[in-house]
Amino acid sequence: MTFKRIVVPLAGTAVDPDVVRLAVTIGKPAKAQLIGIHVIEVRWNLALDAVLEPELERGEDLLASAARVAEQAGGHMQTELLQAREASAAIIDTAREREADLIILGMPYRKRLGRVYVGRTVQEVYVGAPCAVLAYRQEEPR
Amino acid sequence: MTEDDPPPETKEGEAPSLEERRTRAGRLPGDRYVRIYRPPEFRRGRGGIYVATSEATKPRGPAGRLYDAVRHVLFGRPLETEAEAEERLSKKTGLAILASDNISSSAYATEEAMRVLAVAGVAALTLTLPIAVAIIGVLAIVVLSESRVIRAYPQGGGSYAVAKENIGTIAGLVAASALLVDYVLTVAVSTAAGVAAICSFVPAVHDDRVMWGLILIALLTVGNLRGIREAGLIFAAPTYVYMVAMFGLLAFGLVRVLTGDVPAPAQPPDPFPAGGTGEVLGLFLILRAFSSGAVGLTGSEAIANGTPNFRRPEAKNAVITLVLMGTIFATIFLGLTFLATTIGVVPDLHEQETLNSVLTRSIVGDGWYWVFVQLATAVILLLAANTGFTGFPRLASILAHDRFMPRQFAFRGERLAFSTGIVSLALVAGLILWAFGGSVTDLIPLYTIGVFLAFTLSQGGLVRRWWRLRNPGWRISMVINTIGATVTGVTLLVVAYTKFTFGAWMVLLVLPLLVLMLYSISQHYRSVADALTLEDLDAPLPPPAPPVVIVPVARLDRAALQAIAFARSISPFVRAVHIATSEESARHFRERWERWKGKDLVDGRPEVPLDVIDSPYRSLIQPLLKYIDRIDQRDRRPITIVLAEFVPRHWWEFILHSQTAFRLRAALLFRPNTIVIDVPYHFRDTGDPSGAGDRER
């Protein structure tokens, strides 16, 4: 199975570098196009296209470091910055618009009420994505 | 925005910006999202600034891309400024890079002292060991004193910084000049000594030693332009190989000597005669031998100068490396001197074989270990030049930062190395190597003065500093530095006195000239700063005065039209001028101009008058300059020359056009009170006769 276009949502968590390296590895055989995206979630009391300087700077930083990680892993990652009310909807729509054939989601290891917690974004992308979705959960910290 | 997206057009009424936001409809109502289009060449950094990415540095044309590819192969890929911390040196690589000059001096210090003594006869060589002990004593004081410099000035600059702050600017500049000269000579001497070591086992190299020296300097330049960390990785191993080779040789030699198996001395091709070459042993000769051997102390200032090159904690790491350097040098130098005097080896009269080689042959024969020692010595001597390549650019950058050297020396290149300093050093060192025919003995007398002058000034500066600050423990520091200043000062006098006629006079002549040059550069920058500095940020802009605009027109074509249109947009006072080389062409141009409607009064803008000048001597530029002078004399308003410049598709097509605009621009460059504006007209052969497609956006 080969993938031609892979969308990699990045949230700036510790799992990001692993996900980027995984995307490079999976995409290498078919020379897949890697698109790293970061969605800035805009609160409902603000306009959707409001300029949120700190979030923009953080987004640019994490996308730049993801691109660097991809380069170190021997790949090339294009990056995209989005603003939306819900990150999941923007990820799904971008994957649809870009005709992606794979979304690789990173899940940092988090626990809630004694169980590993899968975030809302991951669940919604899993359910709504038009293409294959691969979730990479960070290993349990020792 | 990904790279395959077209950039969105700017909305009507908006100023163009690097960042665009477009709201996109989602799959479901309410799923709208905003895509932020950013060009791949720039990203938003902290504090609302844009950061140019590596994409922004990529060239456009195929020639530029080829040049880039060659540069990347030679020097490596560009490094971000943030990578500077990763480019720092550990103690291990720091010892190899910054101490290689000093450690490698052990390969020839004994020989240099012996060569001076040998002129008084072989019997005088017994004085070599006491002289070596005296040199080690000076080294111990220097190491102790330099460690104080490192702790007091961890930001680097060494002797320059100390002398400038505590004695005065001129003293600082003297120290800096001395160090700059010393670094240049480090490269020249080390390269010459490295080639000499190769000559010992490949005698054929001797005749072309200058050429080989220049090739080696070129290789070192490329290695250093790759950045300090990579240079460290390339050049670290040979320093350790040299240490292993020398410690092995010393251990074997000492075992043989101490067990009574003293080897017979090997003979160089042309040894010094037993009776010497006619000079008598006296105090002057002994002092000269001391000053020649003291060449071994060169390079011990490099660590203090390059402290910021070390990883954190910089000062601590630098001091540890300094002590290691002193210990290693002292062990090898004393060991070699002891063995050389005990075995009784004699240096070669005409430098055909090094003393190091003769001694190694005496101890281990001319087998593989001799080749190993010679190779290791040759390589470390070559790489000792690397200390110069680390020290010179850093010191030059500090001087440039203080406005004593051209600003270019302060800029870091793509690999975070001070490229201008590295290239300048290579050029000057290559020139000196060539001028002295690649001879180590001819170069050595020039070498030591700079180092001891810098040492003396920095020690003296520290004495004043401790006296001024009186921090806890100041008395001990002051005593150490007073002893340091005295010892290095006396050594400086000895070196200057004994080597004056052997070439030291050149350094003593160059140093004041260099100080004068540095000071003059500073004066220039100061006067420029006085003229340009904007002290009052509330000051309004000077009121705009429409200039008198002159548009030289060679032909009435699209390029000229574009230039005249632009000229009319900035001022109502526009004049066109045409220089004709014959009466016939002048008349023809005038007729065509009269028929042209574009010059006429339109939208309140007055008609563009034309002056046609017939130049029967067919000169274009000079009559035009004289015309500009005359117009300028008759009008107080600033004068602006708008030049129509035709830009062909390919660089080689330039030779098919006369490029008058280019020549005129060069001629007007230094004309006061004259603004020159270039209006380029880019030629694109689209086959569109209207020319609509000719213009490049």
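Two residues are taken to be in contact if their C-beta atoms, placed from the backbone, lie within 7 Å. The model is a predicted one. Its contact draws 19 residues from chain A and 18 residues from chain B.

**The side of chain B that touches chain A**

- Three strands of chain B, namely β1 (20–24), β2 (33–37) and β3 (42–44), each contribute at least two residues to the side that touches chain A.
- The most is given by β2(B), which supplies four residues to that side.
- By class, this side of chain B holds 10 charged, four polar and four nonpolar residues.

**Pairing between the chains**

- Strands of a sheet pair through backbone hydrogen bonds, in either a parallel or an antiparallel manner.
- Here, β2(B) pairs with strand β3 (residues 77–84) of chain A in the antiparallel sense, over four bridges.
- Opposite A84(A) stands Y33(B), a residue of β2(B).

**The sheet as a whole**

- An open sheet is formed by seven strands, in the order β7(A)-β4(A)-β1(A)-β2(A)-β3(A)-β2(B)-β1(B), and its pairing is mixed.
- At the edges are β7 (132–137) of chain A and β1 of chain B, each of which pairs on one side only.
- From one strand to the next, the twist averages 30 degrees.

**Pairing within chain A**

- Strand β2 (residues 33–41) of chain A pairs with β3(A) in the parallel sense, over eight bridges.
- V39(A) has L82(A), in β3(A), as its bridge partner.

Terms used:
Residues are numbered from 1 along each chain as its sequence is written. Chains are lettered from A and ligands numbered from 1 in the order in which they are written. This is a predicted model: local features need pLDDT of at least 70, side-chain atom pairs count only at pLDDT 80 or more; totals for chains, interfaces and linings use all residues. Ala, Val, Leu, Ile, Met, Phe, Trp, Tyr, Cys and Pro count as nonpolar, Asp, Glu, Lys and Arg as charged, and the others, Gly among them, as polar. Two strands pair if DSSP finds at least two bridges between them. Axes are lines fitted to C-alpha atoms, for helices over the stretch in contact, and angles run from 0 to 180 degrees between N-to-C directions.
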